[in-house]
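Trainee: I am new to this structure. Could you take me through its terms, one value at a time?

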Amino acid sequence: MELRSTYKGGGGPDKTILLSAKKHNKDKFFILVTYLRDPDDNDFQIGSIARKLGITDYVEIIDRRKLDFKCLFELNRLLKRNDIQVIHVHDQKTILLGALLKLLNPRVKLLNTAHGWMINSDFDKLKQKIEFLILCLYPLHIAVSEDTKKLLVESGIDPRKIKVLYNSIDTAFWKKTASLSTVRNEFGISHVSLVVGTIGRLSKEKDLPTFLQVARNVLNIYPDSFFLVVGDGKEDELSCLWDLAKNKGIEKAVIFTGHRSDLRNIYSSLDLFLTTSLTEGLPNAVLEAMAMEVPVVATRAGGVPELIEDGRTGFLCDKGDVKGITNAVIEIGRAHV
């Protein structure tokens, strides 16, 4: 059982989970992809993504609160009905649920994948201690980068219980094609304008205020540039970022697209992919951009330096270094304007 809680269209971990389920040898493994769904999340899209990938063994369980016992009992019923032998969890909530299901089913084995962001989450110290006490009950952890493994070890997890397994993408899908992107026409962007984009959840760890400050600086040099921010977030993240762009006077050059399912189309429109994250595991968006032959400027966050060789396969900058990031974008921009 792949067990995960998320919202709307999910993120990098969901791409990994669904790709893995698609690629498993079905003669040897039965993979039940199980997602917890908030009944108020009307934009939840994981099920439709799974169907498009041809994943038939997919289940959604309604999850109404922080600890929903109806949800727990339904998961327990699924375990027994499908004779599940391994529960593979992917986030804070399912770490707890996995431990509780283990108490109800002692024969079941537990496996946790640390995707990076949950290790760096802004929890208070008590919650973090409780989380890692539960994590210590898990006999095996997958870290998506060496940096994530280091974080696990520093938090008290026995290094002998941790294996590093990098995220992967389907390069037969994520590849540059001769077809022209429709994004520039959609947003009225000239074919000669520099287009810089970022893709991901609108959340604090992505440090989008730095992205917007870099955008303002670059616009001083290349005033016809455009900046695409692709993704959505919880609560008021989008409105706060929109207000920040307006306060900086760059709202006409920054396009917040919301969630998009046509990411190959998005990547094909970009002259440069920029990520300003403060924390990462191993970002799928960087993998995808590189596979699509889009130049990448990224901060040294999490496993990103394990993906990019600075100056050769991309450009690395320090986290929060607005000047350094701006200079890297301007340097690459010279080839496109």
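**Charged pairs, a helix and a core**

Mentor: Asp271 and Arg184 are both buried. Buried means under 20% relative accessible area, exposed is over 50%, and partly exposed is in between (1.4 Å probe, protein chains only). This is a predicted model: local features need pLDDT of at least 70, side-chain atom pairs count only at pLDDT 80 or more, and totals for chains, interfaces and linings use all residues. Residues are numbered from 1 along each chain as its sequence is written, and side-chain values use heavy atoms, with hydrogens and water left out.

Trainee: What makes Asp271 and Arg184 a salt bridge?

Mentor: The rule asks for a side-chain nitrogen of Lys or Arg within 4 Å of a carboxyl oxygen of Asp or Glu. The closest N and O atoms of Asp271 and Arg184 are 2.9 Å apart, so the pair meets the rule. By this rule there are 19 salt bridges.

Trainee: Where do Glu186 and Arg260 lie?

Mentor: Glu186 is in helix H7, and Arg260 is in the loop between strand S10 (254–258) and H10, so their pairing ties together parts 74 residues apart in sequence. Helices (H or I, at least four residues) and strands (E, at least two) are DSSP runs, numbered from the N terminus. The side chains of Glu186 and Arg260 form a salt bridge at 2.9 Å, N to O.

Trainee: Why is Arg260 called buried?

Mentor: Its relative accessibility is 15%, so Arg260 falls under the 20% limit. Glu186 has 43%, so Glu186 is partly exposed.

Trainee: Arg65 and Asp68 also form a salt bridge, at 3.6 Å, N to O. Is Asp68 buried or exposed?

Mentor: Asp68 is buried, because its relative accessible area is 2%. Arg65 is partly exposed, because its value is 48%.

Trainee: How do you know that the length of helix H4 agrees with its residue count?

Mentor: The expected span is 1.5 Å times one less than the number of residues. H4 (residues 92–104) has 13 residues, so it should span 18 Å; its end C-alpha atoms are 19 Å apart, which agrees. The buried residues of H4 include Ile95 and Leu97.

Trainee: What makes a nonpolar core?

Mentor: It is a set of buried Ala, Val, Leu, Ile, Met, Phe, Trp, Tyr and Cys residues joined through side-chain atoms within 4.5 Å. The largest has 29 residues, and Met1, Leu3, Leu75 and Ile87 touch the most other members. H3 gives the most to this core, with 5 residues.
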